[in-house]
Amino acid sequence: MSEDRPADQTDVRMDDDLALRPDREATVGSAGGREPRGDRRRGDGRREDRWRGERRRGDRAMVPEADFRSYYGLPVLNEPTWHDHDIAGYLFLGGLAGASSILAAAAGVTGRPRLARAGKVGALCAIGGSFYALIHDLGKPSRFVNMLRVFKVTSPMSVGTWILSAYGPQAGLAAVTAVTGRFPRLGRAASAGAGLTGAAVATYTAVLVADTAVPLWHDGHRELPLLFAGSAMAAAGGLGLLAAPLAEAGPARGTALLGTALEAAAYLRMERRLGPVAEPLRRGKGRLTRLGEGLSAAGALLGATAGRRSRAAAVAAGAALLAGSACTRFGVFHAGIASANDPAYTVEPQRARLAARERQRNGVPE
């Protein structure tokens, strides 16, 4: 190499020449001693590289460690535009309607006419309120009708729209015939149909919210259907305890107990499996889920004990079960919104999954 090369230039070459001087070190990002285009000098001797966003002192690159934060700490996801009083109410009322139809069909088969009538009327009122909440959030009824133009099996919204359209008329017909006493055969057929489709009405909303990018809802897709099913059963049992006489309220008490147990197990499983992503369930309005669990457990226990002999205790148990189910749905809704607004619940799980895949690819044990 030339002996008259200026001292401020490097001997690193680009032509595969390996005859490099060991006592010289290449200047990162420099070209012929000149500062690269896009860099600018600062008074403290640092350079700010506009190409990479790196800060360097002298000739050594100093790259800061990346953290979980998004751009200026802003949310990575757009917040859902759903209104809490509409959509959370829609989730609760839909679950109540579907489970009440199932309970009413079972009560009719086992010879409990007053419990069956209470379940059918309650289901009609609940599905009517659910329709109103959904259409109010959509803005105008024509938007719901437009969703019936196609049936897309891969879209929970499309499938749910058709489920509601099939369930609503049957629930209405079952309630009307039960109240008027006319057309009993038609009423029994409608009651059976509403009971069959009621299971889908009570749980499809869990699939609907889990199909979004909201971290809590999306990551909890395994447990949410069970959680919503248990919550719906507890609400239907509470309605039965409120409206039916003690002599016919046995199925309502059993439904409330089973639903409360299923709801608690699904919630515990989801909280443990999701880890940090489940944190919104324990703070803010997400704490309504804890309140809902407590109310449901208290209502189920009261209905199974004192509610067998005391009408006042049965009414109190039913009210607690209904309130508990509503708190669960509202709590899950608000916790999901909170997880979408915090970028940590979006970025951190993604990085953990990427790291796990990299370890698996490299054969590194967990």
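Me: At what angle do the axes of H1 and H5 cross?
Reply: This is a predicted model, in which local features need pLDDT of at least 70 and side-chain atom pairs pLDDT 80 or more, while totals for chains, interfaces and linings use all residues. Residues are numbered from 1 along each chain, and side-chain values use heavy atoms, without hydrogens and water. The axes (lines fitted to C-alpha atoms over the stretch in contact, with angles from 0 to 180 degrees between N-to-C directions) of these helices (DSSP runs of H or I, at least four residues) come within 7 Å. They cross at roughly 150°.

Me: How is H1 oriented relative to H5?
Reply: The axes of H1 and H5 cross at roughly 150°. Because angles over 145 degrees count as such, H1 is relative to H5 roughly antiparallel.

Me: How many charged residues has the contact of H1 with H5?
Reply: Residues of H1, including Gly94, Gly98 and Ile102, meet residues of H5, among them Ala194, Gly198 and Leu208, with contact meaning heavy atoms within 4.5 Å. By class (Ala, Val, Leu, Ile, Met, Phe, Trp, Tyr, Cys and Pro nonpolar; Asp, Glu, Lys and Arg charged; the others polar), this contact has 12 nonpolar and eight polar residues. The number of charged residues is none.

Technical notes:
Helix = DSSP H or I, 4+ residues; strand = E, 2+ residues; numbered from the N terminus. Parallel < 35°, antiparallel > 145°, perpendicular 65-115°, else oblique.
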